[in-house]
Amino acid sequence: MSGHGFLLAAYVPGSSLVHRAPLWLKFLLVVGCGMTSFLIADWAVSAAMLVLLCGLFLLSGAGPARLFRAVRPVLPVLVAIGLFQWWQLGAPTAARIVLNVLVCVVAASILTATTPVQALLDGVASLARPFRRFGADPERFALTIAIMLRSIPFVAGAYTDVRDSARARGLERNPRALVLPVFISTVAFARQTGEALAARGLGEPEDPED
Amino acid sequence: MTQTHRPAAARTPRRRDRWNATDLGLIAVFAALVAASALIAAIPVGGLGVPITLQTLAVMLTGLALGPGRAFAAVGLYLLLGFAGLPIFSGGRSGLGVLAGPSAGYIIGFLLAATAVGWLTVVVLKWTANRTGKLRAILLFAAAMVSSIIFIHGLGILGMMVNAKLDFSKAFLADLAFYPGDIIKNVLAVSIALALHKAFPDLLLRRIRTVDTRP
Amino acid sequence: MSIIVLDRVSVRVPVDGRPAPKTLLQELSLDLTERRIGVIGANGSGKSTLLRLLNGLVAPSDGTVRVDGADTVRAVREVRRRVGFVFTDPLSQLVMPTGREDVELSLRRSIRNAPERRAHAESVLERFGLLPLADQSIYELSGGERQLLALAAVLAVNPEVLVLDEPSTLLDLRNRELLRRTLAGLRQQVILSTHDLELALDMDRVLVVDAGKVVFDGEPAAAVARYRALSAAALEHAVPEQPWREQA
C-alpha cells in the first residue's frame with residue numbers, strides 16, 4: 001500500500017515558526033480558508049492567498065515534494081473542473097474556483113504537516129468537551145477522527161490495487177467485480193482496526209464495571 | 001436458533017447499547033470511504049458542474065451496510081470534517097462555503113438518505129429473515145431508490161433553487177442528469193451490500209437477530 | 001506471574017442458513033501458569049479463537065475465562081490492562097501514521113499529561129532500539145521493524161501477560177531470530193500461537209489444538225511430534241482424491 005501522505009501532508013517534526021504556532025491558530029487558518037469560496041470574488045486575491053500559504057508551508061521545512069504529494073490527488077479533478085468552468089463561466093471564475101480548492105488543500109496540509117496527530121487528538125478532544133453533557137465522549141470522538149484520517153489513504157490505495165488485480169484477471173468490464181473487493185477489504189480493514197483498538201483497551205465505552 | 005447459544009452481549013446486559021471499538025472502526029472507515037470516493041474520478045455534469053462521483057454509491061452503501069445509527073455517524077463525521085476545512089467534498093472542496101453553492105442540497109441529502117436507507121434496510125432484513133434471494137434484493141433496491149429520490153434528489157433540487165436561483169423546472173431538469181447514474185449505482189450498492197452481509201454476517205444481520213431473540 | 005484459568009469453555013458461532021451453530025472450541029479447561037506457552041495446530045483448528053479468549057476479544061458461549069480472578073466478560077477493562085495482544089499483521093494493529101504516535105496512543109489512557117506521555121514514549125522506543133525510526137511512516141518500515149514496533153506499542157503500557165497470534169508468520173529468517181531473542185528477554189508471561197516449530201520448541205509448555213479441542217498438552221518436543229503426526233494423518237486422508245491431478 002502506497003497512499004501515505006495522500007491528500008494531507010504527513011507530520012514532519014521540526015521547530016519552525018509554523019510548528020510553534022498555537023494549535024487554535026492553525027485550526028482557525030483551516031476553517032478560515034474553508035470560508036474563502038464564500039468571501040473572495042476575485043481570482044487574484046485567491047492566487048495571492050495560495051502563494052502566501054505555499055510560502056507558509058515551505059517555511060515549516062516540510063519541503064516542496066511533500067506539498068506536491070498532498071496536492072497531486074486532486075489535480076486531475078481540478079483540471080476537469082477548471083476546463084469545464086472555463087467553458088461555462090469564463091476564465092476568471094474558473095481560476096477562482098480552482099485556486100480556492102488549492103487554498104483549502106494547502107491550508108489543511110499546513111496543519112497536518114506541522115502538528116503531530118496526538119496534538120490534533122488533544123485539540124479535538126478539548127473542542128468536543130462542552131458536548132459531554134449531551135452524552136458525547138470526547139476521547140472516542142477524537143480517536144474516531146484519527147482512524148478516519150488514517151483510513152483515507154488505505155481506501156484510496158484499495159481502489160488502485162483492485163483496479164490492477166481486476167485488470168490482471170481480465171475483469172475490468174464488470175463493475176461489480178471491479179468495486180466489490182474494495183468494499184470487502186475495506187470492511188475487513190475496519191473490523192481489524194476495531195479489534196486492534198479493543199485489544200489495546202482503546203475505543204470501548206467507559207461503562208462502570210460491576 | 002438453539003437455546004444453548006447466547007452471545008456474550010446478551011448474557012451481561014448493558015444499560016445502554018453503546019458502540020464498541022469495532023463500531024468506531026466501521027464508522028471511521030466508512031467515513032473515509034465516502035471521502036475517498038468523492039475524490040476519485042469526479043466528472044462535472046450538467047449546466048452547473050455538480051460533479052458525478054462514486055460518492056452516492058458509497059453513501060447509500062454506508063446505510064445498507066451499517067444500519068441507521070452508524071450510517072448517520074459515518075456520513076455525519078464526513079460532513080463535519082469537510083465543513084471544518086478538510087478538502088474531502090467532491091473535487092477537493094471544503095468548508096462551510098459549499099453550503100452556499102449549488103451542490104449544498106446534495107451534501108445535506110447524503111446524511112438523511114444514508115440514515116433513511118439504513119433504517120429501511122433493517123426493516124427489510126427483518127421482514128425477509130427467512131426468505132433470502134430475489135425478494136430481499138428487490139426490496140433493498142426499492143428502499144435505496146426511495147431514500148435517494150426523496151432526500152438526495154429532493155434536497156438537491158431545492159439546493160439548486162435556493163443557491164443557484166433556478167426555477168423548479170430548470171432545477172428538476174438539471175437533476176435529471178443524475179438519474180441514470182444513480183439507478184446503476186443503487187443496483188451496484190445493493191448487490192455489494194448483500195455480498196458484504198454474506199461475507200460478514202455480524203455486520204448488521206446478526207445484530208438484528210440478536211435483538212429479536214432477546215427475551 | 002499471572003494465572004489464567006479456563007473453566008469448561010466453549011465457543012460457538014451461528015451460521016446463516018443452518019439451524020445448528022458451528023463449534024470453534026469445545027469444553028476447554030486449562031490452567032495457564034507457565035512463563036512461556038505455545039499453541040500449535042492446523043489452520044482453522046481454533047488456535048486464534050483460544051488466544052482471543054484470553055483478553056476478551058472473543059467471549060465464551062459457555063464457561064468462564066479468568067485472568068488472576070478477573071472475568072474476561074465482566075471485567076474486560078481490567079483483563080485488557082493485564083493482557084497485551086499482538087496481531088499477526090502489524091499494519092492492522094498500528095493505528096497511527098508513525099511509531100512515536102502509535103506508542104503515545106497506547107499511553108493515552110494511563111498518562112493524561114502530554115509532555116510526560118511524550119517522554120515515556122521516547123523511553124519505550126529507546127528500549128527497543130526504535131528511536132531512529134520513530135518519526136518514519138509505518139509504511140516505510142520493514143516487516144520486522146513493524147512487528148517490533150507493534151510489540152513495543154503493546155508493551156508500553158506494561159501488561160503482565162503478552163499474547164501473540166502467529167507473530168513470526170510474516171517475518172523473514174533474520175527477523176524471526178530477532179523476535180525469538182526479544183521474546184526470550186521479556187519479563188512478561190508469553191502465550192503465542194505459531195506455525196514456526198522452532199519457536200514452539202523455545203516454550204516451556206505447548207498445547208496442540210485440533211478441531212476445537214486440545215489434543216496434547218505438555219513438553220514442547222513431544223507436542224511438535226504429535227502435531228507432525230496429526231498433519232501427516234490429515235494429508236494421508238486427503239491424498240487419494242487430489243482433484244488437481246485429474247485436470248493436469
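Visitor: How many salt bridges does the rule find across the interface of chain A and chain B?

Guide: The rule finds one salt bridge across that interface. Please note that this is a predicted model.

Visitor: Which side chains meet in the salt bridge?

Guide: The partners are Arg191(A) and Asp202(B), with an N to O distance of 3.0 Å.

Visitor: And how many residue pairs are in polar contact across the interface of chain A and chain B?

Guide: Two residue pairs are in polar contact there, both at pLDDT 80 or more.

Visitor: Which elements give two or more residues to the side of chain A that touches chain B?

Guide: On chain A these are helices H2 (23–34), H3 (36–39), H6 (75–89), H7 (91–114), H9 (138–168) and H10 (175–199). H10(A) gives the most, with 16 residues.

Visitor: By class, what does that side of chain A have?

Guide: The side of chain A that touches chain B has 39 nonpolar residues, along with nine polar and eight charged ones.

Visitor: How many residues does the contact take from each chain?

Guide: Chain A contributes 56 residues to the contact and chain B contributes 57.

Visitor: What is the area buried between chain A and chain B?

Guide: About 4800 Å² is buried between the two chains, and carbon and sulfur atoms give 75% of that area. In chain A, the residues that lose the most area to chain B are Met148(A), Phe183(A) and Arg191(A), which together account for 14% of what that side buries. Arg191(A) is also the residue whose side chain meets Asp202(B) in the salt bridge.

Visitor: Changing topic, what ipTM and pTM does the predictor give the complex?

Guide: The complex has an ipTM of 0.81 and a pTM of 0.82.

Visitor: What is the average pLDDT of chain A?

Guide: Chain A averages 80, and 88% of the residues score at least 70. Among its elements, H3(A) has the lowest mean pLDDT, 68, whereas helix H4 (residues 43–59) of chain A has the highest, 90.

Visitor: And what is the mean pLDDT of chain C?

Guide: The mean for chain C is 88, with 95% of its residues at 70 or more.

Visitor: One residue in chain B, then: where is Leu194(B) found?

Guide: Leu194(B) belongs to helix H8 (residues 179–199) of chain B. Its C-alpha atom is separated by 20 Å from that of Gly181(B), 13 residues apart along the chain.

Visitor: Which residues is Leu194(B) in contact with, leaving aside neighbours within four places in sequence?

Guide: Leu194(B) is then in contact with Arg136(B), Ala137(B) and Leu140(B).

Terms used:
Residues numbered from 1 in each chain as written. Chains lettered and ligands numbered in written order. Heavy atoms only, no water. Contact = heavy atoms within 4.5 Å. Buried area = accessible area lost by both parts, 1.4 Å probe. Salt bridge = Lys/Arg side-chain N within 4 Å of Asp/Glu carboxyl O. Polar contact = N/O pair within 3.5 Å; in protein donor to acceptor, adjacent residues only side chain to side chain. Helix = DSSP H or I, 4+ residues; strand = E, 2+ residues; numbered from the N terminus. Nonpolar A, V, L, I, M, F, W, Y, C, P; charged D, E, K, R; others polar. pLDDT = per-residue confidence, 0-100.
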